[in-house]
Amino acid sequence: MEGEIISRLELEDIPNPTTAQNPEVVNEKLLLENRDDTPPLEKLREFDPDTFEDLILEWVHGYLVQENKYLKVQQLGGSGDKGRDVIAWKSDPNSSEGNWDNYQCKHYQSRLQPNDVWTDLGKLCFYTWQSDFSIPDNYYFVTPHGLGPKLTDLLSEPDQL
């Protein structure tokens, strides 16, 4: 998946410049004609949930791994993922330490509310108690709409949660 581009302009969509045209002017004109002024966050909101999860995988793998934050990244999202969409390993996944972060993708149409995450938090508690996997160092909810005020309050008071 390394180097894969999620969205690209197909080469056949770009007309070849004629000999009378300056290629630099043609390219600049094409860029202006095809410019998309949609803010990036709005583009994220237009993705379907699977594409959003793929984008998060690409971001963690393509950016955070390059910044030496992680050694390995895995995508587990879907049925049977045990509440782990994207796993980012800080150490060797086969070691006894197994330090890792979880990126739980939530592509809903509004801000996340407590009812949107109870099942995921329950899976975390159950599967770590069962020793299916270790407790992650960090558990991130990734969403294009952000968190609602009630969930923000709950997550900012972990002892109360």
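The protein has 5 helices and 4 strands, helices (H or I, at least four residues) and strands (E, at least two) being DSSP runs numbered from the N terminus. The model is predicted, so that local features need pLDDT of at least 70 and side-chain atom pairs count only at pLDDT 80 or more, whereas totals for chains, interfaces and linings use all residues. Residues are numbered from 1 along each chain as its sequence is written, and side-chain values use heavy atoms, with hydrogens and water left out. From the N terminus on, the order of elements is α-α-α-β-β-β-α-β-α.

Of the 161 residues in the protein, 29% are buried; buried denotes under 20% relative accessible area, exposed over 50%, and partly exposed the range in between (1.4 Å probe, protein chains only). The accessible surface comes to about 11100 Å², and carbon and sulfur atoms hold 49% of this area. Accessible areas come from the Shrake-Rupley method with a 1.4 Å probe, and for residues only the protein chains shown count as cover. Among contacts in the protein with a separation of 6 or more, 53% join residues 24 or more positions apart, a contact being heavy atoms within 4.5 Å.

The largest nonpolar core has 13 residues, of which Ile 56, Val 60, Tyr 70, Val 73, Val 86, Ala 88 and Tyr 103 touch the most other members. Two or more residues of this core come from each of helix H3 (49–64), strand S2 (86–89) and strand S3 (100–105). The greatest contribution to this core, 5 residues, is that of H3. A second, separate core has 11 residues, including Leu 112, Val 117, Leu 121 and Phe 141. A nonpolar core is defined as a set of buried Ala, Val, Leu, Ile, Met, Phe, Trp, Tyr and Cys residues joined through side-chain atoms within 4.5 Å.

In H3, the buried residues are Phe 52, Glu 53, Ile 56, Leu 57, Glu 58, Val 60 and Leu 64. The buried residues of H3 pack against helix H2 (40–46), strand S1 (72–75), S2, S3 and strand S4 (138–142). The end C-alpha atoms of H3 are 21 Å apart, in agreement with the 22 Å that its 16 residues should span at 1.5 Å a residue; the expected span is 1.5 Å times one less than the number of residues.

Contacts of Tyr 103, leaving aside neighbours within four places in sequence, include Ile 56, Val 60, Leu 64, Tyr 70, Val 86, Ala 88 and Tyr 140. Asn 102 lies in strand S3 and is buried, with a relative accessible area of 0%. Not counting residues up to four places away in sequence, Asn 102 touches Gly 83, Arg 84, Asp 85, Val 86, Ile 87, Pro 136, Asn 138, Tyr 139 and Tyr 140.

Most residues other than glycine have a negative phi. Lys 82, which is not a glycine, has a positive phi of about 60°. Lys 82 lies in the loop between S1 and S2 and is partly exposed, at 28% relative accessibility. Ser 131 has a positive phi near 65° and is found in the loop between helix H4 (114–129) and S4. Ser 131 counts as exposed because its relative accessibility is 61%.

Leu 155, in helix H5 (residues 149–156), is partly exposed at 33% relative accessibility.
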